[in-house]
Amino acid sequence: MAFLDTINNKNLLSSYKLIIQTGTHELLEFPERKESLSNDWREENGTETDLDLVRFKDKEVNLNCIFIVSNDTEYWDCYNAFFAEITKPGLQSLFIEDHSKTYQVSYKKTSAFKKVAKRLKNVPKVAVKFTLTLDVKS
């Protein structure tokens, strides 16, 4: 788990108190190929497929994330700042330190928000887990 991950050159941990826990492995998968142009000629056996121009679909990835903050006020500040950044117009640059690679992404949705009820090592912190779904440009 790296803490040098960034969105648009802003450190996720120091700027937003956000950690990507799991899901970055999905970024490593090669994208699915788009269907090539083909024609099923009536007078010929089989299908003629044009394989000269190979193109790929964008990927959709699910990142399991967590905000870890000192109190509810800090949570809402970080929440608002992060989502303002990730939902800006255009593609966003997501750098994953474990991969030493920057991905061009766009926000799709979030789900499964859950406030962690137990304290972290007897330190009064607010922790909120969620799943962040992004489209990754091929």
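Is Glu85 buried or exposed? Glu85 is buried, because its relative accessible area is 6%, which falls under the 20% limit for that class. The points below concern a predicted model.

1. The salt bridge of Glu85. The partner of Glu85 is Lys10, and the closest N and O atoms are 2.8 Å apart. This pair links distant parts of the chain, with Glu85 in helix 3 (residues 72–86) and Lys10 in strand 2 (residues 10–11), 75 residues apart. Whereas Glu85 is buried, Lys10 is partly exposed, with a relative accessible area of 35%. A network of salt bridges links Lys10, Glu85 and Lys88.

2. Other salt bridges. The count of salt bridges comes to five. One of them is formed by the side chains of Lys108 and Glu60, at 2.5 Å from N to O. Lys108 belongs to strand 8 (residues 101–116) and Glu60 to strand 6, so this pair ties together parts that are 48 residues apart in sequence. Lys108 is partly exposed at 43% relative accessibility, and Glu60 is partly exposed at 41%.

3. Helix 3 and strand 8. Asp72 forms a salt bridge with Lys115, and here the closest N and O atoms are 3.2 Å apart. Because Asp72 lies in helix 3 and Lys115 in strand 8, the pair ties together parts that are 43 residues apart in sequence. Asp72 has a relative accessible area of 40% and is therefore partly exposed. Lys115, at 49% relative accessibility, also counts as partly exposed; the class of exposed residues begins over 50%.

4. Seven strands make up an open sheet, in the order 2-1-7-8-9-6-3, with antiparallel pairing. Strand 2 and strand 3 are the edge strands, each pairing on one side only. In general, strands of a sheet pair through backbone hydrogen bonds, either parallel or antiparallel.

5. Pairings of strand 6. Strand 6 (residues 59–69) runs antiparallel to strand 3 (residues 18–22), and four bridges join the two. Within this pairing, Ile20 has Cys65 of strand 6 as its bridge partner. Strand 6 also pairs with strand 9 (residues 126–136), again in the antiparallel sense, over 11 bridges. There the bridge partner of Ile68 is Ala127 in strand 9.

6. Strands 1 and 2. Strand 1 (residues 6–7) pairs with strand 2 in the antiparallel sense over two bridges. Thr6 stands opposite Asn11 of strand 2. Asn9 is placed in the loop between strand 1 and strand 2, and has a positive phi, near 65 degrees, although Asn9 is a residue other than glycine. With 76% relative accessibility, Asn9 counts as exposed.

7. Lys17 is not a glycine either, yet has a positive phi of about 55 degrees. Lys17 sits in the loop between helix 1 (12–16) and strand 3. The relative accessible area of Lys17 is 26%, so Lys17 is partly exposed.

8. Negative patch. Which residues gather in a patch of negative charge on the surface? They are Glu43, Glu44, Glu48, Asp50 and Asp52. Among them, Glu44 lies in the loop between strand 4 (38–39) and strand 5 (48–49). Glu44 counts as partly exposed because its relative accessibility is 47%.

9. Nonpolar patch. Phe30, Val54 and Phe56 form a nonpolar patch on the surface, and their accessible area together is about 290 Å². Phe56 is located in the loop between strand 5 and strand 6. At 31% relative accessibility, Phe56 counts as partly exposed.

Technical notes. Residues numbered from 1 in each chain as written. Predicted model: local features only at pLDDT ≥ 70, side-chain atom pairs only at ≥ 80, totals over all residues. Heavy atoms only, no water. Patch = residues over 30% accessible without salt bridge, like charges linked within 9 Å, V, L, I, M, F, W, Y side chains within 5 Å. Areas by Shrake-Rupley, 256 points an atom, 1.4 Å probe, with all protein chains shown as cover. Salt bridge = Lys/Arg side-chain N within 4 Å of Asp/Glu carboxyl O. Lys, Arg positive; Asp, Glu negative; His and termini not counted. Charge placed at Lys NZ, Arg CZ, Asp CG, Glu CD. Buried < 20%, exposed > 50% of the residue type's maximum accessible area, 1.4 Å probe, protein only. Pairing = 2+ DSSP bridges.
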